[in-house]
Amino acid sequence: MPVVVVGLSHRTAPVEVRECLAFPEADIPAALAGVRARGLAAEAVILCTCNRVELYAATDLDPAAALAGLRAYLLENRRYTGPADVAFYTLSEPQSLEHLFRVVSGLDSMVLGETEIAGQAKKAYDLALRAGATGRRLNRAFQRAFSVAKQVRTETQIQRGSVSVASVAVDLAERIFASLERCTVMVLGAGDTGEKAAKALLSRGAHSLVVTNRSFERAAALAAELGGRAVPFDDWSAEFARVDILISSTAAPGYVLDRARLAALLPARRGRPLLLIDIAVPRDIDPAVNQLDGVFLYDIDDLQAIADEALRQRQEEIARCEQIIRARVRDLLETAPGPLAAPAPGAAPAAPVTASPDPAAAGSPHAR
Amino acid sequence: MFEWTDRHYFALAVVLYGLATLYAVFLWRRGFRQDNRVIYILLLAGAGLHSIAMLKRGFSFQRCPVTNLYEATLFVAWTVAASYLVFGLVRRFRFVGAFAAPLLLGLGVFALMPGLDRHGPQPEFRPPLSSLHATLVLLAYGAFGLAGVAALMFVKQERDLKFNKARAAQAFLPSLQRLEVVMVRLLQVGFGLLTVGLVLGSGWLKQERGAYFLPDAKILWSLFIWLLYLSLVVAQGRFWQSGRRLAWAAMGAFAFVMLTFWGFNLLSDIHHP
């Protein structure tokens with residue numbers, strides 16, 4: 001009873017299509033029951049996130065027929081009325097298992113190496129398990145996938161570093177401050193990237209936020225959204241003694257903060273470190289402030305370079321991750337009881353099924 | 001038949017500390033970008049042999065092995081190693097080993113120098129008050145040594161955060177504030193131990209020589225060290241000196257202790273009769 005998968009993801013379909021085929025959590029148990037009731041599969045799991053909709057199944061049917069039936073079922077169940085050339089990918093063993101392991105390990109995610117998908121996959125599996133939709137094949141496959149994700153995480157660098165400017169800012173803050181909970185963040189200006197960086201800091205524990213902008217209304221609106229308080233732009237330096245992290249993204253033509261001005265403000269800080277994140281172009285903060293004791297200045301180029309380096313390192317790790325995945329799939333197939341066992345020596349391996357009713361549609365999502 | 005003495009075990013421990021130091025250089029060049037169980041294991045093995053050496057000596061002489069300069073140095077090194085092994089149980093701090101290894105190697109090589117391991121008709125430090133004095137003072141130096149290690153990590157991390165930003169973002173070192181707290185606490189604990197140790201030493205001096213203070217070279221040196229660390233503790237607590245200045249001062253003070261301890265010990269009639 002091989003494991004097959006049919007689905008679409010951010011690689012093969014735009015969000016307008018994905019959202020039409022997405023499953024609310026409440027609909028999933030009935031959908032799983034429907035798959036089994038129609039005889040399309042003995043076991044099934046539906047994984048639905050903002051970037052993918054996938055149906056994993058263990059089926060006695062011929063893989064090609066099962067995949068065609070599962071694809072049709074998805075379209076019918078979601079009452080999909082969009083364009084007919086929906087780019088599903090369809091995989092059978094061993095590619096289906098490799099795909100599952102890859103997905104759960106974060107290798108197929110929009111942000112390479114992200115860890116959220118593992119939790120989402122666990123949730124999807126738990127839901128199917130509680131609905132009685134899984135059996136021996138999918139139980140083994142998913143439990144092995146979670147183990148592989150852990151192995152990839154511990155043995156490779158695929159999840160190290162941050163690949164977005166906002167996350168890099170948070171990482172740097174954590175290199176300087178023992179705890180973000182005790183940090184006060186000031187947002188100078190109301191730019192988009194600054195807002196994202198502030199949100200990232202708040203999500204990691206910072207809870208004291210001050211916003212200032214030339215337009216007090218905008219500052220107040222952003223402060224209300226983020227749970228902070230607004231101060232008039234002319235008064236921001238008065239707050240400075242309490243600030244630990246300053247995110248600056250104004251539209252000022254020159255420096256808002258230069259070395260002399262900052263040097264005068266530092267004694268009130270009593271030696272506490274200060275992280276300055278200057279996302280503005282032209283820059284708001286004089287680079288010479290980095291020479292001051294206890295002051296750490298990062299501009300947009302610094303943050304982007306760190307993010308790019310982290311992404312490059314993650315990409316270098318892909319080959320090692322693929323090695324681990326292939327080895328674990330081989331091990332799973334060789335140790336599986338019954339018909340799932342590896343073919344006898346000398347026998348030709350079964351060819352993966354990637355056919356789609358629409359010849360123009362994509363096959364494997366990993367074919368590049 | 002070759003007999004394994006405690007010095008042989010300690011020499012093996014120093015070899016392991018040396019291997020750990022070599023590995024630390026490798027880690028330094030990689031920007032501390034990997035978790036290193038290797039260095040922890042090397043230092044654990046070294047500390048194990050080190051402990052055997054101390055136990056063998058203690059049992060063979062039927063006393064706590066802190067009676068001459070060799071044993072005193074062993075004791076200080078052992079407190080540094082043991083502190084790291086406890087600290088390094090937390091994976092995130094395992095990295096301190098890259099900085100502790102060279103310190104342990106230096107102390108080990110120093111201890112193994114000929115002439116340090118002398119045993120006269122009676123120990124140089126006689127129990128109980130003088131042994132307690134020696135133990136507390138050596139523990140203080142161990143704390144100062146670890147403070148120096150934390151200070152070195154602080155300086156490294158701070159420099160990278162300012163001037164080598166990509167490396168800083170990838171490194172495994174603890175946060176600057178945490179390193180500063182560790183450094184300050186170790187300085188404070190070490191200063192407390194040193195104060196109590198010197199007071200006990202003064203008490204022992206009164207018992208043996210009838211005076212709480214004598215213008216002996218080692219006593220004057222110890223007083224200078226006490227004032228030096230007092231100034232660090234006061235500067236941090238009262239004048240909010242920045243972490244970088246305090247870190248350099250902590251490293252400089254410990255380097256001074258290490259470089260001058262033996263010389264002043266030799267000049268002392270009381271500590272080196």
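This report describes a predicted model, beginning with chain A as a whole and ending with the interface between chain B and chain A.

## Chain A as a whole

Chain A holds 11 helices and 10 strands, and its C-alpha trace spans about 80 × 45 × 40 Å along the principal axes. Of the 368 residues in chain A, 53% count as buried. Among the contacts in chain A with a separation of 6 or more, 73% are between residues 24 or more positions apart.

## A four-stranded sheet

One open sheet in chain A consists of four strands in the order S2-S3-S1-S4, and its pairing is antiparallel. Strand S2 (43-49) and strand S4 (89-91) of chain A stand at the edges with a single partner strand each, so one side of each has no neighbour in the sheet. Averaged over the sheet, and with direction ignored, neighbouring strands are turned by 10° against each other. Strands of a sheet pair through backbone hydrogen bonds, in either the parallel or the antiparallel sense.

Seven bridges join S2(A) to S3(A), with Glu43(A) having Ala58(A) as its bridge partner in S3(A), and a hairpin leads from S2(A) to S3(A) through two residues. On the other pairing of S3(A), seven bridges connect S1(A) and S3(A) in the antiparallel sense, and Val6(A) has Leu55(A) as its bridge partner in S3(A). Strand S1 (residues 3-9) of chain A also pairs with S4(A), again antiparallel, over three bridges, and here Gly7(A) stands opposite Tyr89(A) in S4(A). Helix H3 (residues 63-77) of chain A packs on the sheet, where helix H3 touches S1, strand S3 (52-58) and S4 of chain A, and its direction makes about 40° with that of S1(A). Helix H5 (residues 116-130) of chain A packs on the sheet as well, touching S2 and S3 of chain A, and its direction makes about 140° with that of S2(A).

Strand S3(A) is mostly covered, since seven of its seven residues are buried. In a regular strand the side chains alternate between the two faces of the sheet. In S3(A), Arg52(A), Glu54(A), Tyr56(A) and Ala58(A) point one way, while Val53(A), Leu55(A) and Ala57(A) point the other way, and all are buried.

Arg52(A) forms a salt bridge with Asp108(A), in which the closest N and O atoms are 2.8 Å apart. This pair links distant parts of the chain, for Arg52(A) lies in strand S3 of chain A and Asp108(A) in the loop between helix H4 (95-104) and H5 of chain A, 56 residues apart. Arg52(A) counts as buried because its relative accessibility is 1%, and Asp108(A) counts as buried because its relative accessible area is 0%. Arg11(A), Arg52(A), Glu54(A) and Asp108(A) are linked in a network of salt bridges.

## Other side-chain pairs in chain A

Within helix H4 of chain A, Arg102(A) and Glu98(A) lie four residues apart, about one turn of the helix; their side chains meet in a salt bridge (3.9 Å, N to O), and both residues are buried. Asp299(A) forms a salt bridge with Arg283(A), with the closest N and O atoms 3.5 Å apart. Asp299(A) is buried, at 16% relative accessibility, whereas Arg283(A) is partly exposed, with a relative accessible area of 36%.

Asp171(A) is found in helix H7 (residues 165-176) of chain A and is buried, with a relative accessible area of 13%. The side chain of Asp171(A) makes a polar contact with the side chain of Ser162(A) at 2.4 Å. With neighbours within four places in sequence left aside, Asp171(A) is in contact with Gly161(A), Ser162(A) and Arg204(A).

## The interface of chain B and chain A

At the interface, 23 residues of chain B are in contact with 26 residues of chain A, and the area buried between the two chains is about 2,200 Å², of which carbon and sulfur atoms give 47%. Lys162(B), Lys165(B) and Gln170(B) supply 27% of the area that chain B buries against chain A, more than any other three residues.

Three salt bridges are found across this interface, and the side chains of Asp293(A) and Arg245(B) meet in a salt bridge (3.0 Å, N to O). On the side of chain B that touches chain A, the elements giving two or more residues are helix H5 (129-163), helix H6 (165-170), helix H7 (176-209) and helix H9 (243-267) of chain B.

Conventions
Residues are numbered from 1 along each chain as its sequence is written. Chains are lettered from A and ligands numbered from 1 in the order in which they are written. This is a predicted model: local features need pLDDT of at least 70, side-chain atom pairs count only at pLDDT 80 or more; totals for chains, interfaces and linings use all residues. Side-chain values use heavy atoms; hydrogens and water are left out. Two strands pair if DSSP finds at least two bridges between them. Axes are lines fitted to C-alpha atoms, for helices over the stretch in contact, and angles run from 0 to 180 degrees between N-to-C directions. Contact means heavy atoms within 4.5 Å. Buried means under 20% relative accessible area, exposed over 50%, partly exposed in between (1.4 Å probe, protein chains only). A polar contact is a pair of N or O atoms within 3.5 Å; within protein, one must be able to donate a hydrogen and the other to accept it, and residues adjacent in sequence count only if both atoms are side-chain atoms. Buried area is the accessible area (1.4 Å probe) that two parts lose on being put together, summed over both. A salt bridge is a side-chain nitrogen of Lys or Arg within 4 Å of a carboxyl oxygen of Asp or Glu.
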